[in-house]
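Hi,

Here is the structure I promised to send over. Have a look at it first, and then read on for my notes.

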Amino acid sequence: MTEIEDFTDKLAETDGESEMQIPNELPVLPLRDIVIYPFMIVPLFVSRDRSIKAVDEALSQNRMILLVSQKDVDKEEPTQEDLYKVGTVAVIMRMLKLPDGRIRILIQGLSRAEVKSVVVGSDYARATISPIPEPVIEEKSLEIEALIRNVRGAMERAATLGKNISPEVLAIISNLEDAGRLADLSASNLELKVEHAQSILDISEPVSRLRRVNELLNKEIDVLTVQQEINTQARADIDRSQREYFLRQQLKAIQGELGEGNELAEEIEQYRDKIEKANMPETAKEEATRQLKKLERMHPDTAETATLRNWLDIMTDLPWAKASKDNLDLKKAQRILDEDHYGLERVKERIIEALAVRKLKEKPKGSILCLVGPPGVGKTSLGRSIARALGRKFIRLSLGGLHDEAEIRGHRRTYVGAMPGRILQGIQQAGTNNPLMILDEIDKVGADFRGDPSSALLEVLDPEQNFAFRDNYLGVTFDLSNVMFMTTANVLDTIQPALRDRMEIISLSGYTEEEKLEISKRHLVPKQIEENGIEKTDLTIDKKAMQSIIGQYTHEAGLRQLEREIGKICRKVARKKAESIEEFKPIKITRENLADFLRAPKIFPDSALKQNQIGVVTGLAWTAVGGDILFIEALRLRGKGHLVLTGQLGDVMQESAKAAFSYAKARAKELGIDEEDFEKYDIHVHIPEGAIPKDGPSAGITMAVALVSVLSQRPVRKDVAMTGEITLRGNVLPIGGLKEKVLAARRAKIKTVIIPDLNKRDLEDLPQEILDDLTFIFVDNVRQVFQAALLEKEQFIERRKANSAKNKA
C-alpha cells in the first residue's frame, strides 16, 4: 500500500482537526471563483508560481495547506486585504505535474480556520491561523429536524428542476444526519456565487449555517422554477419547429417519390424571398405569408393552387414601396410642355402651379385635374407630357363604356378568372407607386345591374380616402395617395355630380386656324414624315396649301383629321419615292396641286348669308367637335296664330322659341308688329339639316330675332351672328362654349357677333388675332339685339336698290 493510500485511510478514520494536529502556520493557496468546505474532495489546477511553490512546501511538510478565496479574482498576487478572513485547512491527497507547467492536485477539506495574519514571502505566502472547531449538537430539536428535512427536499426539488446534482450526492444527503456537514455538502453543490458561498463558510454554528443554506436553496429553487418555465416554452417552440421540419422532410420525401417535390419547394422559397423584398405594409405581409403557408400545404395540381399563385404573383409584383423621383425643375417642365404642345397656356400654367406646390410641400393633397374638350385637342397627349415633365411613369386607362364596378375595385377571388381592378393593374404595369394615371373618357362611364363604376371612382379620386384603397381581389389596402390622377372628358353633363365635385375642371376649346397652322408646322408634318419613311427634304407643304387642308378637308375642333390628311399626302410621296428612288425629286404641295394628293375638297363650310333676308338669322352653336353656325328660318303663312317648330328641336330649344314668341306677342306694338297678324297668320320656325337633333340653352335671342323679323317684315343683317338665352322679361342670359362659337363665326367670315354682356369676361381666353378680326356687341336685353341685328324697312329698300344698280353696272 502506498504512502498516499495510507494517509487517505487514516484521514477517513479521523474526525477532522479533533484528531489530526493542525499547525498554527500553513502555506496559503489563494482560490479564484470557488470556496472549499470541510470534508469536500475537489481537484484543483494550480498555475501561479507562488501557488505551485506553496503546494510543494505543503507536500514537503505535512501535506496541509490553507485554502482562502480571493475577493478580487483578477488580482495576481493577493495580500491579506485581498483574502477573506475565514478559509479551509485542506490536505493534499495527490499531485500531478502537467506538460504546460501547471500542476493538478486533489485536496480534501479538514476544518475551518480563521486567518490571523498573512506573510507574503519571496516564494509563497504563509498564514498564521486559528482552527475553528465544529460545535457539537448535544440533542436534536424539532427545528433542526425540520431544517434537515427541508434541505433534503429542496435539494431533490432542485435536482428535478435541472440542477446538476449527481445521484450519489443526493444519496449521501438523504442519509446525512449531521446538520453542519449537510449544510456544507448542500452548499458545495449549489454553484453559488463566491460571496454567498463564503457567507456559509463564515458561519461555524451548524444550525445557523443550515438555516442560511435553506434560505439560499429556496431562492435557487425560485430561479430554477422560472428558468424551467422559460425552457419549457422555448422547448415547445423548438419542438414545434422540429416537428414542422420533420414533417416537411417527410413531405419532401413523399413528393420526391411522386416526382413533384423539388419544384414546389423551390417555388415556395422564391415566393418567401419575394415577400421579404417587396417591403409590404405589415398587414399585407401577414396576409401574404398566411396564403403562402396555405399554398405550401396544398397539392400542386388543385385548381385553387393556380389562383393562389396568381394572387401571390400580383402581391409581390406590386410596387408597395418603389417610387420614382419627381423632377421639380419648373423651367425644365415648362420647356417640355412647350415642346410637346403649342398654345394651351391656361392648362400649362395650372400644371406648373401644381409642380410649384409639390416642390414646396413634400406630399400635397392637390385636386384632380379634369381636362374637358372636343376630341383631338390633345387631352391625353397633354397628360403624357406632364408625366414626362415630372419624370413619372405614364398610365392611360380608358373608361369609355365601362359598366362593371369590379373593373375598378377588382373581382373577389371566389370567382373563376378573378383579377384586380384596372387601377392596380395599371400601377403594377408602371412598376412604381406614384405614376401619372390618366382616366380617359370619364364622361362615358355607364352603370347597370353589375354596379356603378362612377361611385367606385369616388374613393379612387378622393385624397381623403384613397390612401387606404381596398381592392376586392387583393383583400388588403393599397396606398393610392402617391398616384397623380388626371381625367379627360368631352362633355360634363354625363359625369356624376359627386364625381365632378372631386375634380378641377379645365376646358380645352378648339384650335384656331392660326394655331392649327403652327401645330402642323411644329408637330404634325414632322411626325408624319418620320412615320412614313421619307426625309424632311422630300416634302414641303406651303402655308396656303395647309390653310386649304384645314378649311376644305377637315371640320373639327381638334387635329386628328388634319393629321390623317397630312399622312395621306406623305404616303403618296412615299409611294412615288419608292417607285423611282433615283429619279425622285422633292415635292412641294401648293394650293394648286393639292387636289392631286387629296382629291376634291370634302368640306364646304357654311358661310355668311349673301344678302339681308327677312326671317333668316345666323346663330352660333356648340358641338362635341367644336363650334358651328346655325341658320334659323322663320316663315309667316295664313293660319290661326299657331307656332310650328321643325328641324328636330329639343325641349330646351322649343321652350326658347315659345318664350320668344310670347315676348313678341306681349310687345307687338313696341316692335312694330300688327297685333292682328297673330290671329291671321301661323309662324313656322325651321332649322335646316332636320336629320340632326338640336338642343341647347343658347338659341333664345336667335329665335326672337327670326320671329320679330318675319312678323315685322324687317330684314336681318347678313353679317351678324348671335348667341344667348332669353327670358320672358327680355333679359339676355349668359351661355357657354363661347370660344368654339366665336371660332365658328370667324370661319364663316362673319364680322360681327352679338353675345351676352355677362360673357365679356370669357373673351380674355381668346387669342388676340380673333379679337382683332371680329366686332363684339354686348347685350343684356333683347331690345339691344333687335336694334343691332334688324334693319328698318326703308334702309332695307334703299340697300336693295343700291345692290340692284350695282349688279346692273
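A quick word on naming before anything else: helices (H or I, at least four residues) and strands (E, at least two) are DSSP runs, numbered from the N terminus. This is a predicted model, so local features need pLDDT of at least 70 and side-chain atom pairs count only at pLDDT 80 or more, while totals for chains, interfaces and linings use all residues. Residues are numbered from 1 along each chain as its sequence is written, and side-chain values use heavy atoms, with hydrogens and water left out.

Let's start with Ser111, which sits in strand S5 (residues 103-120). With a relative accessible area of 1%, Ser111 is buried (buried means under 20%, exposed over 50% and partly exposed in between, with a 1.4 Å probe and protein chains only). Its side chain gets to the backbone oxygen of Ile132 at 3.5 Å.

Next, Arg350, a residue of helix H12 (residues 345-360). Arg350 is buried too, at 18% relative accessible area. What does its side chain pair with? The side chains of Arg350 and Glu504 are joined by a polar contact of 2.7 Å. By polar contact I mean a pair of N or O atoms within 3.5 Å; within protein, one must be able to donate a hydrogen and the other to accept it, and residues adjacent in sequence count only if both atoms are side-chain atoms. Leaving aside residues up to four places away in sequence, Arg350 touches Ser367, Leu369, Glu504 and Ile506 (contact means heavy atoms within 4.5 Å).

Helix H5 (residues 179-188) is largely enclosed by the rest of the structure, because seven of its ten residues are buried. Those are Ala179, Gly180, Leu182, Ala183, Asp184, Ser186 and Ala187. Where H5 starts, a side-chain oxygen of Asp178 comes to within 2.9 Å of the backbone nitrogen of Gly180.

Now two helix pairs. Axes here are lines fitted to C-alpha atoms, for helices over the stretch in contact, and angles run from 0 to 180 degrees between N-to-C directions. Angles under 35 degrees count as roughly parallel, over 145 as roughly antiparallel, 65 to 115 as roughly perpendicular and the rest as oblique.

H9 (residues 282-297) packs on H10 (residues 303-317) at about 150 degrees, with the axes 10 Å apart, so the two are roughly antiparallel. On the H9 side the contact includes Ala284, Ala288, Leu292 and Leu295, and on the H10 side Leu308, Trp311, Leu312 and Met315 are among the residues involved. Taken together, the contact residues split into eight nonpolar, two polar and four charged.

Glu513, Lys516, Leu517, Ser520 and Val525 of H18 meet Lys543, Met546, Gln547 and Ile550 of H19. Here the division is four nonpolar, two polar and three charged.

Arg599 is not a glycine, yet has a positive phi of about 65 degrees; it is in the loop between helix H21 (594-598) and strand S16 (613-614). Arg599 counts as exposed, at 66% relative accessibility. Lys749 likewise has a positive phi, near 65 degrees, and lies in the loop between helix H25 (738-747) and strand S25 (752-756). Lys749 is exposed as well, at 63%.

Cheers

Key
Nonpolar A, V, L, I, M, F, W, Y, C, P; charged D, E, K, R; others polar.
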